[in-house]
Every structure is written in C-alpha cells, then in structure tokens.
Amino acid sequence: KERTRELKLANDKLKQTLAQLVNKNHEIQRFKSFADVANYAVIITNPRLEPIYANSKFIKLFGKPNKVDTTRFIQSIFDPATLNLASSKFQKLKKPVEINLSSFTLNGKTYLLNLVRDISERRKSESELRLLWAALNSSDTGIMITDQDRKITFVNPSYCNQTGYTEQELLGQVPTILASG
C-alpha cells in the first residue's frame, strides 16, 4: 500500500514536470515564432557569448552562428577603446544598421539579446524628408501649414517676407491674425 502511494506521488510529480516542460516548450515556440517574423536579426547568447538562438533573418544576414563566430560577432559590434561601431560584418552588408544589446534573466539564467535592424528605408525616408524640408524653406512661394484646429504649425521664409510677420509671431496662431492688420 505504501509503495503504491509512493508510485502515485512519483507519477503525479512526473506529470507535473512534463506539464511544465510542455508549457516551457510552448513558450519557447511562441518566442521563436515571434522572432522569426520580427523586422530584426535576433541572436540570443549566454554570458560566454555562446549562441542559444538565432532567428532566420540573422542567419540570412550573417550565417548560422557558432561559438567562435558569435563571440567575434558580439565583440566586433563595438570597438572597446571608443565604444563606436566597428564591425566588418556590418560594413560588408553595405547597409546602415541599428543595434540593440540588452540582457535578460529567465529561470535564474542570464542571456544576452542582440537585435540588428536594417535601417536603409528609414535613412532613405529621412533623406527625402530633408529634401522636401529644404524645398519648402527655399521656395519663392509663401507656404503656411495649419493643423486640424487651424493653428499655424509652419511658415516658410517667403511667407514671412510676404506678410511682414515673423515665424515666431505666426506659429500657434490662426490665419485670421493676418486680417487683424
């Protein structure tokens, strides 16, 4: 009878452990699914920089990680003397990248999360925005922009020259200020 009870307790403990492992595996699979559709190259390492996980985007950009390459990769992200980006791997990509490094603890173990994102499109948009901004400011045509409440949010130099008001006097006002003389 005692042996049966011990076996039942051991069986219950085994079921509980299996349930925890299934739950943990489910959480890992959820993370991997999320990481694989992320707009970042993701690699997770332990504190010794040994790879634990790399998503498909990371593998596509840098190849499948191994211990030696991952250590070099992480160490090459920053030049320790200047804390500036110094990675030949990134230079080979010929793309601007944004890098986020952080650590996290899971089940008492520390991991390093390294995210690398191609920011080519952002840089292109920023460049186009600077060009449009320059065009607005250098136009001979007076330009005024208002928000949804009809408050002036932008005037170019030509608009100020044509109205005799300064930018500071116009911003935040409604266009009817011009009729007040």
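Is Phe104 buried, partly exposed or exposed? At 28% relative accessibility, Phe104 counts as partly exposed, where buried means under 20% relative accessible area, exposed over 50% and partly exposed in between, using a 1.4 Å probe and protein chains only.

This is a predicted model, in which local features need pLDDT of at least 70 and side-chain atom pairs count only at pLDDT 80 or more, while totals for chains, interfaces and linings use all residues. Residues are numbered from 1 along each chain as its sequence is written, and side-chain values use heavy atoms, with hydrogens and water left out.

**The chain overall**

The chain has 7 helices and 8 strands; these are DSSP runs numbered from the N terminus, with helices (H or I) of at least four residues and strands (E) of at least two. Of its 181 residues, 24% are buried. Its accessible surface is about 13100 Å², and carbon and sulfur atoms own 55% of that; the areas come from the Shrake-Rupley method with a 1.4 Å probe, and for residues only the protein chains shown count as cover. Take the contacts with a separation of 6 or more: 25% of them link residues 24 or more positions apart, a contact being heavy atoms within 4.5 Å.

On confidence, the mean pLDDT is 80, and 78% of the residues reach 70 or more; pLDDT is the predictor's confidence in each residue, from 0 to 100. The pLDDT is below 50 over residues 78–88, a stretch with 14 contacts in the model beyond near neighbours in sequence.

**Rings and core**

Back to Phe104. The structure holds 2 aromatic pairs, meaning rings of Phe, Tyr and Trp (its six-membered ring) with centres within 6.5 Å; planes under 30 degrees apart count as stacked, over 60 as edge-to-face and the rest as tilted. One of the pairs joins Phe104 and Tyr111, and this pair is stacked, at 5.5 Å centre to centre and 25 degrees between the planes. Tyr111, at 16% relative accessibility, counts as buried.

Which residues make up the largest nonpolar core? The 8 residues are Ala41, Ile43, Ala54, Phe58, Phe62, Val97, Ile99 and Val116. A nonpolar core here is a set of buried Ala, Val, Leu, Ile, Met, Phe, Trp, Tyr and Cys residues joined through side-chain atoms within 4.5 Å. At least two residues of this core come from each of strand S1 (41–45), helix H2 (56–62) and strand S5 (97–106). In soluble globular proteins, nonpolar side chains tend to be buried together.

Leaving out residues up to four places away in sequence, Ala41 touches Asn55, Lys57, Phe58, Leu61, Phe62, Asn114, Leu115 and Val116.

Asn55 sits in the loop between strand S2 (51–54) and H2. Its relative accessible area is 0%, so Asn55 is buried. The side chain of Asn55 reaches the backbone oxygen of Ala35 at 2.7 Å. Beyond residues up to four places away in sequence, Asn55 touches Ala35, Asp36, Tyr40, Ala41 and Val42.

Helix H1 (residues 2–37) contains Phe31, which is partly exposed with a relative accessible area of 33%. Setting aside residues up to four places away in sequence, Phe31 touches Val42, Ile44 and Tyr53. Val37 also lies in helix H1, and because its relative accessibility is 71%, Val37 counts as exposed.

**Further along**

Cys160 is in helix H6 (residues 157–163) and, at 15% relative accessibility, counts as buried.

Arg122 belongs to helix H5 (residues 120–138) and is partly exposed at 35% relative accessibility. Apart from neighbours within four places in sequence, Arg122 is in contact with Glu98 and Arg117.

Arg150 is in the loop between strand S7 (144–146) and strand S8 (152–155). With 48% relative accessibility, Arg150 counts as partly exposed. The phi of Arg150 is near 70 degrees, a positive value in a residue other than glycine.

Here are some C-alpha to C-alpha separations for residues already met.

| Residue pair | Apart in sequence | C-alpha to C-alpha |
|---|---|---|
| Val37 and Asn55 | 18 residues | 8.7 Å |
| Cys160 and Met144 | 16 residues | 9.3 Å |
| Arg122 and Pro96 | 26 residues | 9.4 Å |

Notes: A polar contact is a pair of N or O atoms within 3.5 Å; within protein, one must be able to donate a hydrogen and the other to accept it, and residues adjacent in sequence count only if both atoms are side-chain atoms.
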